[in-house]
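Please have the sequence and the structure at hand.

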Amino acid sequence: MEALKESEADLVVYLHPSNAKCSNDAILSSLSSLLFTYSETFEGVVLAYDPNICSKLAKILPGIHPYFGVKLKARLLLFNPTPNMLLEGEVVKITPQSIHAVVLGFSSAFIADEDIWDDFKHKIKRGKEVYVSRSHKKHKIEVGTILRFAVKSFDEEILHISGSLVADHTGSSQWLDKNLNEWSQADSTTKKRKSGEGEAEKPEDGRLMMKRETSSPKNDKQAKKSKKRRKEHS
Amino acid sequence: MGVPDMDEPSFTDSELDNHVKNALRAAIQGDNGFYNQLVAVIHHKERLVAEEVALLVTCLKAVTGAVSCINIVHHGTLLAAIFGMSLWNYGTDVMDALVELLVSLASSNGEYVDLCLEMLVVNFMPPSAPPAASYFVELLKQPRGLAKKTQVLDRVHSTLKDIANVVPLSPLRLEKIVRDRMPNIYTKEAFIVMYVENMLRLEGGAMGELVGSTILVSLVDRLIELDVEIAWDEILQDDFHKGMFDMELEDFEGHADHIEPDSNELTREALIQRFFCGNLVAEKLDSLMVLTFEHIKSCSESGRLVQVFEILLQSFQKTILTAYKAKFTQFVMFYACSLDPENCGKMFANVLVNIFVSGLNPEWRMSAVAYLASYLARAKFVPISFVAAMLDSVVNWCFLYCKNVDGDINPKSHKVFYAGCQATMYVLCFRMRQMIAVPRLKSQLLLMRIEDILGHPLKPLQVCLPSIVEEFLRLVKVNRVFSLPQSFPDYGLLESEHSRAFGGMERFDMFFPFDPCLLRKCDRYIRPNYVYWSMVRSTYDEDDGEGTSDEDVAEAYGGENGMSIPDDGSGRSYDEDNSDADEFDYSLDKMSITPRDSRFESRIHRFVQMPSKIRPSTSPESL
């Protein structure tokens, strides 16, 4: 996924003296307070950390509470979506006016109907709401589909992504990859969504990204179509 | 464009959505016509007739469709109108439309998530503004009020779940909001009870793993706040000064065993009435603790008691153990242990022993051993072998301590030691007969260094609470277990100068946290697993005449099913009739370990002191 990156960071964790006996636990809990929050310093949301404590010595700060600073190196997994990046998430809710997806199990993405490509038409099939492409009847987006979309904006406080399906190469990942004449192993329709736990998307995202570059002529045609006026939903 | 005319042929949903979207966009530009009308419709809440309801529902649905055009800055009045609505004021149609709107808002933009969650949490209770509050309090007592409550709360909780589905991080924000919005202890009972009901519903629900620990911790904090608010001393002191109290004392003291139920009950019942009637705080605490007990029971039935108990135990160590005058909150732990003696019961005792043996803060260590002693004495479900093991640890610590100490009585310096000795004696007052009935435990008891610690130059027998020492020595003599000095200077006194000294300001010398619970509703949950002194004492009384049989003791502590008959002969059931309350008072009265012929001065002496915590003495304080 484009928005994920790994970095090495040199950190200093300041611990209260009461933690001197169990400094490992204190360091881990201090690092875990960083999780799922956007950090300016790291330029991203910390999703995972792997600390590596360099030395057993720590500097004691002067002052009323003699905190001591432990130096460590950590590998951090950061998430930082920027506009126009392509991300993938699982669709959790579909309404006539919007599509809601969840990225990496923790970040909610919202795509308003203005940002949904006109080709997609909202339908209700067998009691379930679904978006179907007018030009390609097999291209469906429904609850459980893995959706590929472009990022419009990212709310750093609540980790909320605003996305769009207007751009090229957006839509149901499964269909897009099939359409590139290669079989995708992303089994999206049966995956149950989990709330609140960070679960990483499957690493074949990397593979899918590479395939995207070799797009077929069919997708280019989509780009050329102009935005039609929205028709009435029945 | 105006509001769609109701007489004209209906518009489609998408057209309505378009109308609203255009209105919203126009409002940003400054053209507020339709926008203001929209806000006015949403504000309208008094006595809605059918068409107004339909209009409101339509508007809410249209706004739901137009959510992507809402701007938090420019459409402030609209948002304020929406978030100001209370589900309790409307019928189910409007409720459904409103909650759908909330889910839409929350999922469309991160800025609205907190606002939506807050609105839902506020809806845990009916509106509390003065005119509406009393209306709802009355309504909730009727069946249609309860139906309304179910309608609202079911929707609130399912909406919270829906939001969590779409915005996975919302439970994190929700737990903070639930904690911050918790009503303070001065809120009306009906409201705070309802809020706590909802909190516990969240804990037991799908999001329980995520928000559960914050919720339980906040609940225990609130219980303790209520607990310390209960004005214990004032009420008792008041009675004493009136003199009426004194008279009743005599009734209790001299003729405790020969009293006719009727005459005595009146006075005691009157006392309890007086205590409880004005005491809203006690009633609130009672209701909340009952809710907590019920929740713990349901956790136990669904198999997650141990996880919940671990959270409660942490909270206990942080707040209850360290609270100065915790009166009843600790019974939450007692009840939880009674549901699972093997795991929770033992975990609790082990934690207390550890704090006593290796804790750092002396006051907390004394508090912990007081809790341990009271627990081991009063909990019917704790097996006697476990009691012996715990006693062993305490006595062992005391022995190692005094081995290295020279010198004479010094209540202040060795207060932890004295606390340990007193705890040992207290537990043995209740459990000695049971312990020596089992040969293996009897020999274990004899191997403990009890004679050594009690006979040490530090003279714990002179420092510890005289009433306990006396009772203990009497038992020792009767059962011929240890050889200890029999003469005792403070005979007949409840407390002494030395005991006050070691107890310190917090009076740990008279701290028996699991003395009978005086909250009426709670007591019914505790009673089947509780040991009253009368149950134990009667077995000792018979020593004066014939020998006792071990069966009596077993009966006092017996009942694996937890439903034992206390020895005043009442077959207990959980009926809400008067006899229940009377038995309650009557058996409290029997819970005394002071000798029968106390002198008058000692009684005065006792009540002038006005302890901060009830003790196992004559009932009035224990009321």
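How close do the axes of helix α15 and helix α17 of chain B come, and at what angle do they cross? The axes of α15 (residues 280-301) and α17 (residues 331-339) come within 10 Å and cross at roughly 25°. That makes α15(B) roughly parallel to α17(B), since angles under 35 degrees count as roughly parallel, over 145 as roughly antiparallel, 65 to 115 as roughly perpendicular and the rest as oblique.

This is a predicted model, in which local features need pLDDT of at least 70, side-chain atom pairs count only at pLDDT 80 or more, and totals for chains, interfaces and linings use all residues. Residues are numbered from 1 along each chain as its sequence is written, chains are lettered from A and ligands numbered from 1 in the order in which they are written, and side-chain values use heavy atoms, with hydrogens and water left out.

Helices (H or I, at least four residues) are DSSP runs numbered from the N terminus. Axes are lines fitted to C-alpha atoms, for helices over the stretch in contact, and angles run from 0 to 180 degrees between N-to-C directions.

| Helix pair | Axes come within | Crossing angle |
|---|---|---|
| α1(B) and α2(B) | 7 Å | roughly 115° |
| α3(B) and α5(B) | 9 Å | roughly 15° |
| α15(B) and α17(B) | 10 Å | roughly 25° |

The crossing of α15(B) and α17(B) is right-handed; a crossing is left-handed if the near helix is turned anticlockwise from the far one by less than a right angle, and right-handed if clockwise. In this pair, residues of α15(B) including M289(B), F293(B) and I296(B) meet residues of α17(B) including F331(B) and Y335(B). Contact means heavy atoms within 4.5 Å.

The axes of α3(B), residues 50-65, and α5(B), residues 92-108, cross at roughly 15°. These two helices are therefore roughly parallel, and their crossing is left-handed.

The axes of α1(B), residues 13-29, and α2(B), residues 33-43, cross at roughly 115°. They are therefore roughly perpendicular to each other, and α1(B) passes α2(B) in a left-handed crossing. On the α1(B) side the contact is made by H19(B), V20(B), A23(B), L24(B) and A27(B), and on the α2(B) side by F34(B), Y35(B) and L38(B).

Chain A is described by its domains. The domain assignment, automatic or from a database, gives domain 1 (4-79) and domain 2 (86-181). Their centres, taken over C-alpha atoms, are separated by 37 Å. Seven residues of domain 1 of chain A are in contact with nine residues of domain 2 of chain A. Between them the two domains bury about 630 Å², 86% of it on carbon and sulfur atoms. Buried area is the accessible area (1.4 Å probe) that two parts lose on being put together, summed over both. In domain 1 of chain A, F36(A), Y38(A) and F79(A) lose the most area to domain 2 of chain A, together 73% of what that side buries.
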